[in-house]
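Please read the following walk-through with the sequence and the model side by side.

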Amino acid sequence: MPRLDPMTLPPGPRAPAAVNTMRFARRPLEVLRRWQARYGDVFTVTLTVFGTGVYVVDPEAIRELFTGDQSDLRAGEANSFMEPVLGPHSVLVLDGPEHLRQRKLLLPPFQGSRVAAFREVIRDVAEREIGSWRPGEHLVLRERMRALTFEVICRAVFGVTQPDRVERLRNALVAVIDSSPIFMLAPAARADLGPLSPGGRFARRLRAADAVLYEEIQRRRSEPDLEERSDVLSLLLRARDEQGQAMTDAELRDELFTMLGAGHETTATALAFAFELLLRNPPVLARLRQELEGGDDDTYLDAVVKETLRLRPVIDAAERTLTVPRTVAGWELPAGVKVYPAIALVHLREDLYPRAQEFRPERFIEDGAESYSWLPFGGGIRRCIGAALAHAEMAEVLRVAVPAVELRPLRDRPDPVVLKGITLAPKHGVQVAVERRSLKPRRTLAAVAE
């Protein structure tokens with residue numbers, strides 16, 4: 001990569017990369033807002049490992065990045081640090097024709113009626129999880145939501161329902177996901193210097209996870225009812241590209257790991273944020289409970305989900321790497337620079353969202369959101385494939401939980417938002433006490449439709 005000349009880039013913080021990274025990790029939203037206030041809607045930041053990048057907070061410039069010519073943009077290259085875990089065939093690390101092929105194969109299982117069918121699965125899992133909570137019990141909601149979303153992934157994506165197989169998948173895959181992000185970010189950390197070395201332990205975890213995934217793929221290939229199954233793995237096994245080629249086992253492994261990493265942790269974190277925001281805003285919680293108990297109109301529920309993802313996006317920015325010079329938001333940026341469409345900062349623009357720091361789901365009922373001003377799932381040809389499933393998962397968990405349980409925050413102040421791995425998360429996981437639980441027998445979606 002060519003060496004970047006700071007004089008050709010927009011202004012930004014001049015602190016060393018290590019200092020910027022430390023500040024960003026501790027209080028990412030506050031630091032980003034401070035940098036924007038000082039340097040404007042386009043600013044340059046140098047971070048450890050990630051190098052030099054330009055944050056863009058202008059929705060129109062972001063629209064051009066997401067919808068314009070993509071030939072000189074490399075999102076996969078920007079995500080390449082994830083390849084050691086996700087694998088070289090992951091849709092997140094591919095660019096060009098290879099990315100489009102994988103995306104076309106992956107999209108059908110996450111659209112329309114397929115996602116609607118998964119809602120029953122989500123409700124089943126949510127009811128079992130919330131039904132296990134007891135009055136007086138103290139919970140860390142992010143951890144409970146991780147357990148919940150992992151089981152949803154097992155059932156909806158992997159098609160696995162047997163408790164022993166779910167637990168085997170959990171033990172093998174979460175061991176890799178919970179490993180320090182340093183193993184992705186620093187190649188030297190992955191060096192296998194023997195069974196007791198950090199790199200050696202990580203390599204063993206990765207091999208164990210791979211073995212479990214390949215076993216599930218082979219098991220599914222041999223199932224006599226493969227053609228009738230509706231889980232994502234079965235659908236992908238039956239999928240064919242434009243040349244009639246099926247996905248290889250290696251491609252399936254990488255996409256399954258991607259779905260787990262991108263869909264399990266992020267949705268669990270978003271749900272923890274949703275509970276935190278609702279508990280800190282009693283009028284919103286009361287209205288949501290009333291709406292859920294009083295009818296089948298999901299307008300307010302969907303608005304709560306959207307407002308949660310606006311105020312607490314799990315990813316602070318998308319990434320694109322320029323392969324040739326390009327004009328972005330009026331700046332002539334050189335090849336090699338990373339451009340960050342700043343999701344979190346766009347969501348906090350007062351001209352787009354008046355009283356932007358407030359949790360006001362009504363804004364998505366009254367005015368909605370303009371294109372490229374609500375970006376929790378990115379945009380363009382790199383928009384998150386699992387966006388509809390993530391939204392449905394959040395809605396169904398809240399549908400089950402809000403009428404059934406009363407929770408009390410254990411901390412006087414809201415959890416600070418910090419950087420965990422590569423995502424924004426509540427520092428303490430949202431700690432609560434269970435005050436009351438009354439889980440009523442649920443209506444099936446068919447009954448709701450009647």
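The paragraphs below take up the nonpolar cores, a sheet and a helix.

The model is predicted, so local features need pLDDT of at least 70 and side-chain atom pairs count only at pLDDT 80 or more, while totals for chains, interfaces and linings use all residues. Residues are numbered from 1 along each chain as its sequence is written, and side-chain values use heavy atoms, with hydrogens and water left out.

A nonpolar core here is a set of buried Ala, Val, Leu, Ile, Met, Phe, Trp, Tyr and Cys residues joined through side-chain atoms within 4.5 Å; buried means under 20% relative accessible area, exposed over 50%, and partly exposed in between (1.4 Å probe, protein chains only). The largest nonpolar core holds 94 residues, and those that touch the most other members are Trp133, Phe158, Leu173, Leu278, Leu398 and Leu407. Beyond its neighbours within four places in sequence, Phe158 is in contact with residues including Leu173, Arg220, Asp231 and Leu256, contact being heavy atoms within 4.5 Å. A second, separate core has 33 residues, among them Tyr39, Val328, Tyr340 and Tyr372.

Strands (E, at least two residues) and helices (H or I, at least four) are DSSP runs numbered from the N terminus, and two strands pair if DSSP finds at least two bridges between them. An open antiparallel sheet is formed by 3 strands in the order β4-β12-β9. Because β4 (138-140) and β9 (405-409) each have a single partner strand, one side of each is left without a neighbour in the sheet. β4 pairs with β12 (residues 431-437) over 3 bridges, and Leu139 stands opposite Val432 in β12.

Helix α7 (residues 112-131) has buried residues including Phe118, Arg123, Glu127 and Gly131.
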